[in-house]
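Here's a quick briefing to read with the model open beside you. Have a look at the structure, then work through the points below.

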Amino acid sequence: MKIAVCVKQVPEGNRRLDPSTKRLDRSGEGALNPFDTHAVEEALRLRDAAGGGEVVLVSMGPQKTVDALRKALAMGADRAVLVSDEGAANADLVGTSRVLAAVLEREGADLVLFGQQAADGDGAVLWAAVAERLRRPVISQVAELTVSDGKARGKRQTEFGYDVIQAPLPAVVAVSDAINEPRYPSLKGIMGAKTKPQETLSLSELGVEAGAKTEVLALSEPPPRGDTRKIEDNGNAAEQIVEFLAEKRLL
Amino acid sequence: MTTLVFLEHHEGELQKGSLGVLVKAASLGGEVTGVLVGSDVRALAEQAGKFGAAKVYVADDASLGAPLPQPRVDVLASVVRDQGIDTVLFAASVLGADIASGLAARLDAGLNWDLVDLAQQDGELVGKRPALGDSVYVDVGWTGPPRLALFRSGTFDPVETGGTAQVEDVPVQLEEHSQIATMIEQAHAESEGPNLEEADVIVAGGRGLGGPENFTLVEGLAQALGGAVGATRAVVDAGWYPYSTQIGQTGKTVSPKLYVACGISGAIQHKVGMQSAGTIVAINKDPNAPIFEFADLGVVGDVHQVVPKLTELVKQRRGA
């Protein structure tokens, strides 16, 4: 079985918006989007349970996304494809889904996996747009996934309880972070990741344009929520919480 | 402006989130319509009139019974094209988000999500989206119609404004790929459990507790404070605690006077269910957890150390 996992690099540590572009500042260190590690883990488990196959990482982002991809390769993915192009820097849902769908068309995976959200932009919608462009069935928010007899079956939570949805492969599935506990890369995995195939494509090589139909107009201060206080526990945090609650007359 | 609001329904009731968005749409003016998709749902269409819809398009067909997103993308796409709709609005939900995103790809239309407001500015629609743990607000727009938007759940109150809606049936023509996924089971959650919506104090636990056995810490503190116990989606999905206690987008929305979050990172899915609490205290060992950006008091520390001590101190104080 061939499984493609769409992953994203997100800024590490304190995030900020660049006032000139009004977009997320991606100049600092990056990390593999933690929600995506669950999708990578699920792909590895499915590949290994099937006794073979391939797990391909698919990503779009700046060139340094290769660092995040290397982490997923160290976890055990087989190969990575990165679309990196200045022309994709402002891509929104419409543009990103078009680019990812073009790569996925080329790859022709049986199963395409996504994590449940991007930790930076809080977006949690990309899979449905990609599935629409691929004209494939989609199952989102999956907390339990089984693949057998050429069918994917996902149990997922909605506002009203649990659903079980089934779709024959090829299919697109977005997994929730409750689905598994992602493994840490082993030393062997980390060493091995350096020699795994990594391909970088431009938009012209892919024959597709990115683009955006949404725009960021301005940044502003949020309405005040009152003072937020953050303390480190030096052994007396419980006392400090009690004092705080007493001050607020909540005890 | 011709606006279409997706009207989500469950067990014969229009969902409050959709009705709230409808009220918001009506306040912006223009022609406000709704779309209702399902099996045996026509009777619900008229209710939407009370919340500001002048017209409701109804796709009522046995094949649309299961709440799956892809057939709904087909219906909405044809309504947008045939009726000259320029703006399509959704209340955030598991179903609504998937439809909005699929529709964006189908129509090559811009989708802005997680909006908490929408306004007309100099003749253009501008949405407001909190970003980076709500530490900054971003004004977002669209390069042109159709414009699609998803609103954060619970953003607008569904206040009845009176009025009646004209009901118009629309044809149902489904794409091949939209009919591939099938719903094979729908287990609706039991409604019993503590009444979290009415509790003055809630102590909630997340994945940071480390395991289901550590929920005793949360229960102990809740008991000492005279409050109820809540849980995040992650721990409910992992089977640590019952669904009836879940707080968040796919669980309950609560607004207690005091909310104590133990080992909860504060993902947006959880936040939307508890952000209107009067006072939020968070204990988490990860100093970068988003919850610290909106907790009134954030404690960077180990829940296993802090919570038992806190429980003891609260008991002493209340006993005194």
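**A helix tucked inside**

All 9 of the 9 residues of helix H4 (residues 126-134) of chain A are buried, so this helix is largely enclosed by the rest of the structure. "Buried" here is a neighbour count: 20 or more other C-beta atoms within 10 Å of a residue's own, with 12 or fewer making it exposed, anything in between partly exposed, and C-beta atoms placed from the backbone. Helices (H or I, at least four residues) and strands (E, at least two) are DSSP runs, numbered from the N terminus. Keep in mind that this is a predicted model, where local features need pLDDT of at least 70, side-chain atom pairs count only at pLDDT 80 or more, and totals for chains, interfaces and linings use all residues. Residues are numbered from 1 along each chain as its sequence is written, while chains are lettered from A and ligands numbered from 1 in the order in which they are written.

**More on H4(A)**

- The buried residues of H4(A) include Trp127(A) and Val130(A), and also the charged pair Glu132(A) and Arg133(A); for classes, Ala, Val, Leu, Ile, Met, Phe, Trp, Tyr, Cys and Pro count as nonpolar, Asp, Glu, Lys and Arg as charged, and the others, Gly among them, as polar.
- What covers them? The cover includes H3, strand E8 (111-114), strand E9 (138-148) and strand E12 (171-175) of chain A, together with helix H2 (69-83) and H3 of chain B.
- Just after H4(A), Arg135(A) takes a positive phi of about 55 degrees.

**Where the chains meet**

- In total, 74 residues of chain B are in contact with 67 residues of chain A, contact meaning that C-beta atoms, placed from the backbone, lie within 7 Å.
- On the chain B side, H3(B) gives the largest share, 9 residues.
- That side of chain B has 40 nonpolar, 20 polar and 14 charged residues.
- Helix H3 (residues 93-107) of chain A and helix H3 (residues 94-107) of chain B have axes that come within 10 Å and cross at roughly 75 degrees. Axes are lines fitted to C-alpha atoms, for helices over the stretch in contact, and angles run from 0 to 180 degrees between N-to-C directions.
- H3(A) and H3(B) are therefore roughly perpendicular to each other (65 to 115 degrees; under 35 is roughly parallel, over 145 roughly antiparallel, the rest oblique).
- H3(A) makes this contact with Leu93(A), Val94(A) and Ser97(A), and H3(B) with Ser101(B), Ala104(B) and Ala105(B).
- By class, that comes to 4 nonpolar, 2 polar and no charged residues.
- Strands cross the chain boundary too: strand E11 (residues 161-168) of chain A and strand E13 (residues 182-188) of chain B run antiparallel, joined by 6 bridges. Strands pair if DSSP finds at least two bridges between them.
- Within that pairing, Asp163(A) has Gln186(B) as its bridge partner.

**The open sheet in chain B**

- An open sheet of 7 strands runs in the order E7-E11-E6-E1-E4-E5-E12 (chain B), with parallel pairing.
- Its edge strands are strand E7 (110-115) and strand E12 (166-169) of chain B, each pairing on one side only.
- Neighbouring strands are turned by 25 degrees against each other on average, direction ignored.
- Strand E5 (residues 55-60) of chain B runs parallel to E12(B), with 4 bridges joining them; Val56(B) has Val167(B) as its bridge partner there.
- H2(B) packs on the sheet, touching strand E1 (2-7), strand E4 (31-38), E5 and strand E6 (87-91) of chain B, and its direction makes about 150 degrees with that of E4(B).
- H3(B) packs on the sheet too, touching E1, E6, E7 and strand E11 (147-151) of chain B, at about 165 degrees to the direction of E11(B).

**A hairpin in chain B**

- Strand E8 (residues 117-121) and strand E9 (residues 124-131) of chain B run antiparallel, joined by 5 bridges, and Asp117(B) stands opposite Lys128(B).
- The two strands form a hairpin with 2 residues between them, and Asp122(B) in the turn has a positive phi of about 50 degrees.

**Chain by chain**

- Chain A has 7 helices and 15 strands, and 50% of its 251 residues count as buried.
- Chain B has 7 helices and 18 strands, and buried residues make up 57% of its 320 residues.

Conventions: Contact = placed C-beta atoms within 7 Å.
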